[in-house]
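The following exercises are to be worked with the sequence and the three-dimensional model at hand. Each task is followed by a solution in steps.

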Amino acid sequence: MPDLLLKVSGVSVTIPTGQGTVHAVDDATFSINKHEIFSLIGESGSGKSILGQAIMRLLPPNAVFSGKVELDGTEISALSEKEMQKVRGKTVASIAQNPYLAMNPGIRVGTQIAEPMQAHLGMSKEDSKARTFRALKYFDIVPPEVREREYPFQYSGGMLQRAMVAMGTAADPELIIADEPTKGIDVLKKRNIAAIFHKVASDGCAFLLITHDVGFARAMSDRIAVNYCGQIIEIAGKDVFFKEPLHPYSQALLDAVPERGMHPIPGLSPSMIEVPEGCRFHPRCPYKMDRCLKNPPVVDMNGRCVRCWMYA
Ligand SMILES: Nc1ncnc2c1ncn2[C@@H]1O[C@H](COP(=O)(O)OP(=O)(O)OP(=O)(O)O)[C@@H](O)[C@H]1O
């Protein structure tokens with residue numbers, strides 16, 4: 001039996017806006033095992049980041065959350081903000097999209113990497129400094145005694161990205177949530193990020209990768225979840241998923257990648273405010289049936305899940 005780390009049960013998030021209520025996440029249910037790399041893929045605006053924020057409890061202040069998130073047996077969705085602050089960084093850490101926004105420009109990089117070690121592991125300044133040196137070397141940020149004293153603007157983009165991973169992993173979290181780690185970076189840097197993540201994962205850390213980069217998800221993951229219009233519509237092991245995606249949206253998403261001819265997905269992405277009735281993909285689905293106007297059940301086939309009437 002794999003060792004369960006994260007269990008997300010029936011999580012929904014709505015965000016009231018002047019234009020109406022955004023149904024950002026609807027009934028998300030999945031789990032991540034220890035040491036597993038789990039990717040959440042899907043079109044831009046489909047609610048992937050909001051789901052990551054819901055797990056970290058870093059939602060916009062007006063967002064309405066329901067459901068349950070358990071991490072290592074603790075229901076973190078029921079913790080007070082003060083208790084959650086201890087969990088953030090220590091058990092679950094996030095790596096943001098943009099290192100230039102995520103790191104404080106006025107604080108030396110070494111100090112920023114050492115901070116979670118002091119806050120979460122109770123390390124002294126000296127011990128955290130020694131460990132920061134080791135982390136900088138580990139992530140090829142050298143020479144550490146020079147780099148440690150530098151500010152973010154003195155780093156190259158790739159180096160800063162690695163420093164951000166060093167910061168995220170500083171307190172040995174069990175789970176890292178990385179939101180679009182390859183956004184806007186070239187192929188070479190993407191390979192670097194993949195290598196770094198594999199290195200961290202081989203040391204025992206699990207990952208929730210949030211990405212619309214299907215190729216990156218394929219190279220990295222053990223399992224894949226596909227998000228469409230706020231709902232997870234398929235979860236499968238990486239190999240079976242890429243060999244035989246079941247949901248018509250998953251099939252269309254894979255056909256849209258360059259290796260498969262870049263066929264555009266027909267129709268427009270639906271509004272997250274006025275979401276389609278029943279199956280949210282039915283207005284664009286080539287296999288649409290009458291019953292697709294009703295909410296499809298999630299069909300579980302030995303751990304492979306698909307939200308589609310064709311398999312019910
Ligand atoms: N603070 C907010 N207030 C209102 N709506 C928001 C807010 N943040 C996100 N949304 C909306 O929630 C929906 C989901 O957004 P989210 O950022 O999670 O999508 P995504 O799949 O991560 O997209 P991307 O890949 O472009 O980051 C979108 O319709 C977005 O406009």
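This is a predicted model: local features need pLDDT of at least 70, side-chain atom pairs count only at pLDDT 80 or more; totals for chains, interfaces and linings use all residues.

**Exercise 1.** Determine how helix H4 and helix H5 pack, and which residues meet.

*Solution.* Step 1: locate H4 at residues 109-121 and H5 at residues 125-138. Step 2: the angle between them is about 120°, and their axes are 9 Å apart. Step 3: angles from 65 to 115 degrees count as roughly perpendicular and those over 145 as roughly antiparallel; H4 and H5 are therefore oblique to each other. Step 4: the crossing in which H4 passes H5 is right-handed. Step 5: H4 contributes Gly110, Ile113, Ala114, Met117 and Gln118, which meet Ser128, Lys129, Arg131, Thr132 and Ala135 of H5. Step 6: by class, the residues of this contact are four nonpolar, four polar and two charged. Step 7: for the spacing within a helix, recall that an α-helix has 3.6 residues a turn, so residues three or four places apart point the same way.

**Exercise 2.** Describe the residues around the ligand and state which elements supply them.

*Solution.* Step 1: there are 14 residues around the ligand, of which Ser44, Lys48, Ser49, Ile50 and Pro60 come nearest. Step 2: two or more residues each are given by strand S1 (4-17), strand S2 (20-33) and helix H1 (48-56). Step 3: H1 gives the most, with three residues. Step 4: the shell divides into six nonpolar, seven polar and one charged.

**Exercise 3.** Identify the buried residues of helix H11 and the elements that cover them.

*Solution.* Step 1: within H11 (residues 248-255), the buried residues are Pro248, Tyr249, Ser250, Ala252 and Leu253. Step 2: their cover includes helix H9 (214-220), strand S9 (223-228) and strand S10 (231-237).

**Exercise 4.** Examine the backbone at proline 143, arginine 57 and aspartate 172.

*Solution.* Step 1: as a reference, most residues other than glycine have a negative phi, and most peptide bonds are trans. Step 2: the bond from valine 142 to proline 143 is cis, with omega near -5°; proline 143 lies in the loop between H5 and helix H6 (144-147). Step 3: arginine 57 has a positive phi, near 60°, and sits in the loop between H1 and strand S4 (64-71). Arginine 57 counts as partly exposed because it has 17 C-beta neighbours inside 10 Å. Step 4: aspartate 172 has a positive phi near 50° and belongs to the loop between helix H7 (157-168) and strand S7 (175-179). With 15 other C-beta atoms within 10 Å, aspartate 172 is partly exposed.

Key
Residues are numbered from 1 along each chain as its sequence is written. Axes are lines fitted to C-alpha atoms, for helices over the stretch in contact, and angles run from 0 to 180 degrees between N-to-C directions. Helices (H or I, at least four residues) and strands (E, at least two) are DSSP runs, numbered from the N terminus. Angles under 35 degrees count as roughly parallel, over 145 as roughly antiparallel, 65 to 115 as roughly perpendicular and the rest as oblique. A crossing is left-handed if the near helix is turned anticlockwise from the far one by less than a right angle, and right-handed if clockwise. Two residues are in contact if their C-beta atoms, placed from the backbone, lie within 7 Å. Ala, Val, Leu, Ile, Met, Phe, Trp, Tyr, Cys and Pro count as nonpolar, Asp, Glu, Lys and Arg as charged, and the others, Gly among them, as polar. A residue is near a molecule or strand if its C-beta atom, placed from the backbone, lies within 6 Å of it. A residue is buried if 20 or more other C-beta atoms lie within 10 Å of its own, exposed if 12 or fewer, and partly exposed in between; C-beta atoms are placed from the backbone.
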